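Please look through the sequence and the model below before reading on.

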Amino acid sequence: MIHYKRFTLANGLRVLVHEDHSSPMATVNLCYYVGARDESPDRTGFAHLFEHLMFCGTKAAPNFDDPLQMAGGENNAFTNNDITNYYNVVPAENLEVALWLESDRMHNIRFTEKKLDVQRKVVVEEFKETCLNEPYGDVWHHLAELAYKVHPYRWPTIGMVPEHVSEASLADVQAFYDKFYQPNNAVLVVAGKVDTEEVEALVEKWFGHLPSGPIIERILPPEPPQRALQQRILRAQEPADALYFGFHIPSRVDRDYYGVDMLSDILGNGPSSRLYRRLLKEKELFSAIDCYVSGSIDPGLLIIEAKPVDGVTNQEARAAIWEELELLKQEGISTRELEKIKNKVESTLIFSELSVLNKAINLAFFEILGNAELINQEAQLYRRITREELQSLAQHIFTEDNCSEVTYEAALEEAMAEK
């Protein structure tokens with residue numbers, strides 16, 4: 001059981017404090033409820049751009065990293081479709097340094113053309129490296145576009161095209177900051193070797209005076225049910241053929257999410273999973289195969305990605321994967337297999353809770369979902385899943401009408417021959 005205290009400041013900042021005296025460190029985790037889904041279709045990549053811009057410094061702290069490093073701490077951040085998360089780990093006695101820095105950049109960043117130009121170039125270069133120059137790097141652009149027609153999940157976190165970031169104006173950036181980087185659109189978690197009453201006083205000191213921002217009304221278009229198989233074949237200069245399947249699944253707050261997550265583990269989590277054991281080890285059809293869920297707040301995707309070995313065509317590889325999915329739909333899973341996967345899920349949750357940082361990140365995300373207590377409930381939610389539920393979910397999800405497929409047909413040899 002993870003104990004925590006929750007309170008809300010007058011400006012709307014939600015705060016959770018978790019005491020864990022097993023380590024001399026403390027974590028300050030600030031999660032903003034803004035991700036790629038909050039962007040305009042003609043201005044994508046902004047949430048990710050801001051992950052970089054928030055380290056540009058303020059008048060009080062021109063370099064965000066320097067004071068934290070002098071305090072013996074470290075920090076980082078990540079962005080996805082739904083949130084942007086910043087975390088700091090410091091010796092507990094220097095907790096106030098991290099709180100000061102986070103409160104300062106929540107309110108006092110003033111963007112300049114010079115700062116923006118530097119970060120635009122960094123983000124555009126990252127786009128080129130990860131999406132244009134890396135094998136299969138553009139897969140999420142294709143898969144998201146096939147699977148989503150109206151919901152903003154139809155573009156990846158890094159953005160649709162680099163021009164959306166490279167052409168971002170100072171006014172665009174300031175408006176995004178003023179709208180989303182506000183106390184009432186954030187969750188602060190302080191965890192580690194701390195005293196709850198002292199944390200409350202420090203949080204009030206550094207965040208209590210910040211003004212509340214505008215109330216954000218999200219009216220995102222729900223994605224209509226997919227009615228037909230979506231396919232895209234890419235003849236690309238890649239090192240090998242590859243297949244990607246995306247199946248629509250329930251949202252992160254839907255009870256069925258836990259069953260779908262277990263299905264992904266049954267199919268592709270580790271050497272004993274079905275796809276790995278049967279198709280990679282026994283039949284030797286693939287050099288790599290995996291299955292996972294996006295875990296997004298709104299209805300997301302279950303992804304299967306696979307790379308056939310030389311001599312196995314994409315058509316043969318596709319047929320082998322669908323054969324396994326049909327077997328799962330028809331026969332379900334055994335009681336032993338279900339118990340094994342439940343034990344594995346439970347142990348993963350337990351090990352993740354050993355890290356103070358992981359607990360802080362999870363508490364923040366669950367609070368964004370509307371129920372921080374999920375951190376203590378999820379193991380039981382997985383435990384309650386039955387064989388019948390899993391089979392029913394498999395029958396509902398693993399259909400061609402619910403699937404989007406991206407296939408890479410390697411053309412590397414031809415390209416090299418032409419040279």
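Does Glu405 count as buried or exposed? At 3% relative accessibility, Glu405 counts as buried, where buried means under 20% relative accessible area, exposed means over 50% and partly exposed lies in between, with a 1.4 Å probe and protein chains only. This is a predicted model, in which local features need pLDDT of at least 70 and side-chain atom pairs count only at pLDDT 80 or more, while totals for chains, interfaces and linings use all residues. Residues are numbered from 1 along each chain as its sequence is written, and side-chain values use heavy atoms, with hydrogens and water left out.

**Salt bridges**

- A search of the whole structure finds 25 salt bridges, a salt bridge being a side-chain nitrogen of Lys or Arg within 4 Å of a carboxyl oxygen of Asp or Glu.
- The buried residue Glu405 forms a salt bridge with Arg318, and the closest N and O atoms of this pair are 2.8 Å apart.
- Glu405 lies in strand β11 (residues 403–410) and Arg318 in helix α11 (residues 314–331), so this pair ties together parts that are 87 residues apart in sequence; helices (H or I, at least four residues) and strands (E, at least two) are DSSP runs, numbered from the N terminus.
- Arg43 forms a salt bridge with Asp172, with 3.1 Å between the closest N and O atoms.
- This pair links distant parts of the chain, for Arg43 is in the loop between β3 (25–32) and α1 (46–53) and Asp172 is in helix α7 (residues 170–180), 129 residues apart.
- Arg43 is partly exposed, with a relative accessible area of 26%, and Asp172, at 26% relative accessibility, also counts as partly exposed.
- Arg255 forms a salt bridge with Glu389, the closest N and O atoms being separated by 2.9 Å.
- Because Arg255 lies in the loop between β8 (242–248) and α9 (256–268) while Glu389 lies in helix α15 (residues 387–397), the pair ties together parts that are 134 residues apart in sequence.
- Arg255 is partly exposed, with a relative accessible area of 38%, and Glu389 counts as partly exposed at 26% relative accessibility.
- Glu113, Asp117, Arg120 and Lys121 are linked with one another in a network of salt bridges.

**Charged residues without a salt bridge**

- Glu51, which lies in helix α1, is buried yet has no salt bridge, and the nearest side chain of opposite charge, that of Arg105, is 9.6 Å away; Lys and Arg count as positive and Asp and Glu as negative, whereas His and the chain ends are not counted.
- When neighbours within four places in sequence are left aside, Glu51 is in contact with Ala77, Phe78, Thr79, Thr84 and Tyr86, contact meaning heavy atoms within 4.5 Å.
- Glu19, Asp195, Glu197 and Glu198 form a negative surface patch; patches are made of residues with over 30% relative accessible area and no salt bridge, with like charges joined within 9 Å and nonpolar side chains (Val, Leu, Ile, Met, Phe, Trp, Tyr) within 5 Å.
- The place of a charge is taken as NZ of Lys, CZ of Arg, CG of Asp or CD of Glu, and accessible areas come from the Shrake-Rupley method with a 1.4 Å probe, where for residues only the protein chains shown count as cover.
- Glu197, a member of this patch, lies in helix α8 (residues 196–207) and is exposed, with a relative accessible area of 64%.

**Residues in loops**

- Most residues other than glycine have a negative phi.
- Tyr136 has a positive phi of about 60° although it is not a glycine; Tyr136 is placed in the loop between α4 and α5, and at 9% relative accessibility it counts as buried.
- Glu284, also not a glycine, has a positive phi of about 55°; Glu284 is found in the loop between α10 (274–282) and β9 (286–293) and is exposed, with a relative accessible area of 56%.
- Leu210, in the loop between α8 and β7 (230–236), counts as buried at 5% relative accessibility.
- Along the chain Leu210 and Gly12 are 198 residues apart, and their C-alpha atoms are separated by 9.9 Å.
- With neighbours within four places in sequence left aside, the contacts of Leu210 are Asn11, Ser103, Met106, His107 and Pro183.
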